[in-house]
Amino acid sequence: MKINELCHVWFSTVVTCLLSMFGISSFVRVYGRKTRDEKTSSVHIEKETSYSVPFFYIPPSSSKDGSLPVLDLYKTLDRYKDDADTLISVISMSRDVSKMTEWEIFPDLDNVESDNVNLERLLSFRLGQRIQKTAEVLESDYFVLQEILEPFHVSYGLSSVEHDKEWTMFNGIHEEKSSAYDSAFQIITHIVRDWSTEGRNSRNSLYHWCILELLQHGSHGKPVLVPGSGLGRLARDTSLVGFDVEANELSITMSAAAYHFLNGLKTTGKVHPFAFDFLINEVDCAKRFESVHFPDEVDEALVDLVNIENVKRGTLSYTIGDFVEVYSQLAFKAKYGALLTCFFIDTASNIMEYLLTIRNVLVSGGVWVNVGPLQWHQNAKIHPSADELRILIESMGFHITKWTVDKEAVNYRHEDHGGEPRYTKYEGYRPLRFVAMLKTITRQKLEYENAAIKIQKIRRHMIHDKRFSDQYAKKNNNNTSHVTITEIN
């Protein structure tokens, strides 16, 4: 039996047992009805031979053998199955509580259950239907994720850097990152934002703004660096308008999915981005099961932005590695003419490390274009406000030419269709947008600066402070599922 078939049997068996425990026998019969081939028929893969994106891997200093941790992909799928089991258990418990309560409120429930019209008005009945539909869409998404999160080819190291440059190791002071970003839920969210028609409005507001600013300022004939690239849409679209682009991402899970979309594979299918949302603030429970089809490869708005047919496509590469540990090195000093950050800077545990790294990679007059919120992540040790951040950036030798905060909120995934509200509470961001240029005098003063050494010293100071020491060189074992305890970041 193939491993995919084994996974299907495991998934079906676990859900069947759970549902049987809660007395949902009718659903068990429905659940196993389709064959493996029928379930994966919505995912079609065809080889794209006209364009190839090289992927590189630079292991973190904490890596024991330096190999790509492909086991992370299987762990992500395992966590997805655990989260699916948990979600179905929670809804099942709600169903049982509702049913027990209904017996007290409606003494003649036996008669009510014989009336189909009244039966459908019972919450317990509707929750039973929700359990069935939830399991169906979660299983469908699981098989899509299986297709996307497969081991992929990478080259180790970077051929473009100067190997004779000193390379500073961060042994013993490597920062472990939260596993929340590696969740299957985040993969699905990014598929919607980056590769679906439903994500076009968000891309037009965020990605196209970055590209317009880049077209206005240029990259001094140097490559453009896009850290926190995720599934790679911003990096790819930037290369489409003529720039040589290097995408950077830390997450192996995100990189695997990006490889699927960028590197010679064209994937079509559908996902259900709202299935794992919190069971609160819902306006219409049916909206939870809405599907989104992918990919949407060419936005008309991008075509209008620049006449792509008359523009020579730039190169595109994708580097997997820690942004600070990799790009603070002397080998990357003044290597890039521009840097684009979208929903990225608030991932910093110490924003000053990011600023040192950004200053290291840019050439004199290099432009930094940013858009995104300041929702500092759980591991952040510094939480500056927008005005404090501006002062900090200027003090690091940048000249800010544009600085605004949106008045209208932007949805992280995509806007509701037709303007109909999906939730009674709206989760959106008013992104901070700015354009900053590295001053020539700053670049000259930093000719002999080693940003990696500075960051290493900063982290060593943290180690000696007991308040922070456990956050370095040690993995946080309290990481829990993103989809069950935190809001979207």
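What percentage of the 489 residues in the protein is buried? Buried residues make up 52%, where buried means under 20% relative accessible area with a 1.4 Å probe and protein chains only. This is a predicted model, in which local features need pLDDT of at least 70, side-chain atom pairs count only at pLDDT 80 or more, and totals for chains, interfaces and linings use all residues. Residues are numbered from 1 along each chain as its sequence is written, and side-chain values use heavy atoms, with hydrogens and water left out.

**Fold overview**

The protein has 19 helices and 14 strands. These are DSSP runs numbered from the N terminus: H or I of at least four residues for helices, E of at least two for strands. Take contacts (heavy atoms within 4.5 Å). Of those in the protein with a separation of 6 or more, 83% join residues 24 or more positions apart.

**Nonpolar cores**

A nonpolar core is a set of buried Ala, Val, Leu, Ile, Met, Phe, Trp, Tyr and Cys residues joined through side-chain atoms within 4.5 Å. The largest one has 77 residues, and Phe 55 and Ile 320 touch the most other members. Helix α7 (residues 123-148) gives the largest share of this core, 10 residues. A second, separate core has 37 residues, including Ile 58, Tyr 327, Ala 380 and Ile 455.

What does Phe 55 touch, not counting residues up to four places away in sequence? Its partners include Phe 152, His 153, Val 154, Ser 155, Tyr 318 and Ile 320. Ser 255, Ala 258, Tyr 259 and Asn 263 are also among them.

**Helix pairs**

Axes are lines fitted to C-alpha atoms, for helices over the stretch in contact, and angles run from 0 to 180 degrees between N-to-C directions.

| Pair | Angle | Axes |
|---|---|---|
| α9 (residues 200-217) and α10 (residues 233-240) | about 40 degrees | 10 Å apart |
| α14 (residues 351-361) and α15 (residues 386-395) | roughly 35 degrees | within 11 Å |

α9 and α10 are therefore oblique to each other.

On the α9 side, Arg 203, Tyr 207, His 208, Cys 210, Ile 211 and Leu 214 meet Arg 233, Leu 234, Asp 237 and Thr 238 in α10. That contact has 5 nonpolar, 2 polar and 3 charged residues. Ala, Val, Leu, Ile, Met, Phe, Trp, Tyr, Cys and Pro count as nonpolar, Asp, Glu, Lys and Arg as charged, and the others, Gly among them, as polar.

In α14, Ile 351, Met 352 and Leu 355 meet Leu 389, Leu 392 and Ile 393 in α15. This contact has 6 nonpolar, no polar and no charged residues.

Key. Buried < 20%, exposed > 50% of the residue type's maximum accessible area, 1.4 Å probe, protein only. Parallel < 35°, antiparallel > 145°, perpendicular 65-115°, else oblique.
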